[in-house]
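These are my notebook entries on a protein structure. I begin with a single residue and then turn to the chain as a whole.

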Amino acid sequence: MQHLLTGFELDQDGYHQIISLAQSMKAQPKEYRRLLDGMSAALMFEKPSLRTRTTFELAMFNLGGHGVYLDLGKGDLGVRESVADYARNLSRWVDCLVGRVFKQTTLEELAATGSVPVINALSDIYHPAQAMADYMTVKEHLGKVEGVKLAYLGDGNNVANSLLVAGAFLGAHVTCFCPLNCGPDVQVFNKAKEQAAKYGAKLDVTDDLSLLKDYDVLYTDTWVSMGDDTPLEAVKKVFMPYQINEELVKSSNASLVMHCLPAHRGYEITDAVMDGEKSVVFDEAENRLHIHMALLATLLNPNRG
């Protein structure tokens, strides 16, 4: 794996190896303190962040490296200088580019014109590291990922896309319950279905909430993506039936409730559920750190063993 842009770069063994490495790093962090000694990563952020910035910076630090944060929220990337020139310059100084960007094409151009690995820390289409942390969390609590039934509710956004992709390789059964015309990217779904057939996974998309029975995991995200200034109240009527609340948790028989955060409490999820005994929301947030460490180690020090 040279880059992580979509999650399709890995096979099933690759996903298992990263999750297993992340679990080992979580359990025995001191053993990995010097793994990336003297190495650095440019953290290129067009979008604001709490979890992603903090965990990538700490991931580099915990492995003995250094993360250089670049605030590109004012539209500098591709305007002040071309994306290609950013990539060519930064590749002379750092060992990795981590991009939290508005457009997937930005990451693809960074990878095509730079000479160091590129990690997708969120784009408009994919959020692969988030999905890895999510399935790591599922494995911690349920003991496995293969065969686990996960229901994603709400807007079929980048997180939904990546849950489908990673779920396909890991053998999960993922259903996206979304309002009509709000489902995941069709091309991503179809490509993920091809992988699902190889690994025994089952993927589906529906707007029929009556089918939401006997799922192991309920997962949701904000109804309006970051950077979209549409008020939540404007979409509330469409999405409110897909809210994760106590009644839905009970009727679905779910064991776990997940949210990638930030959460709009009272909209896509209620306080009672998010703070309830089945919530593993903050476990998955914690696991972002360990997955980021595992990804950086895999890309920057593939001969670590």
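Entry 1. I looked up Thr270 and found it in the loop between strand S9 (256-259) and helix H10 (271-274). Helices (H or I, at least four residues) and strands (E, at least two) are DSSP runs, numbered from the N terminus. The model is predicted: local features need pLDDT of at least 70, side-chain atom pairs count only at pLDDT 80 or more, and totals for chains, interfaces and linings use all residues. Residues are numbered from 1 along each chain as its sequence is written, and side-chain values use heavy atoms, with hydrogens and water left out.

Entry 2. Is Thr270 buried or exposed? I noted a relative accessible area of 17%, so Thr270 is buried (under 20%; exposed is over 50%, partly exposed in between; 1.4 Å probe, protein chains only).

Entry 3. I then listed what Thr270 touches: Gln243, Ile244, Asn245 and Glu246, leaving aside residues up to four places away in sequence. Contact means heavy atoms within 4.5 Å.

Entry 4. For the protein as a whole, I recorded 11 helices and 9 strands. Its radius of gyration is 19 Å, close to the 19 Å that the globule rule gives for 305 residues, so the protein is as compact as a globular protein of that length. The radius is taken over C-alpha atoms, and the rule is 2.2 Å times the number of residues to the power 0.38.

Entry 5. I noted that buried residues make up 56% of the 305 residues. Among contacts with a separation of 6 or more, 76% join residues 24 or more positions apart.
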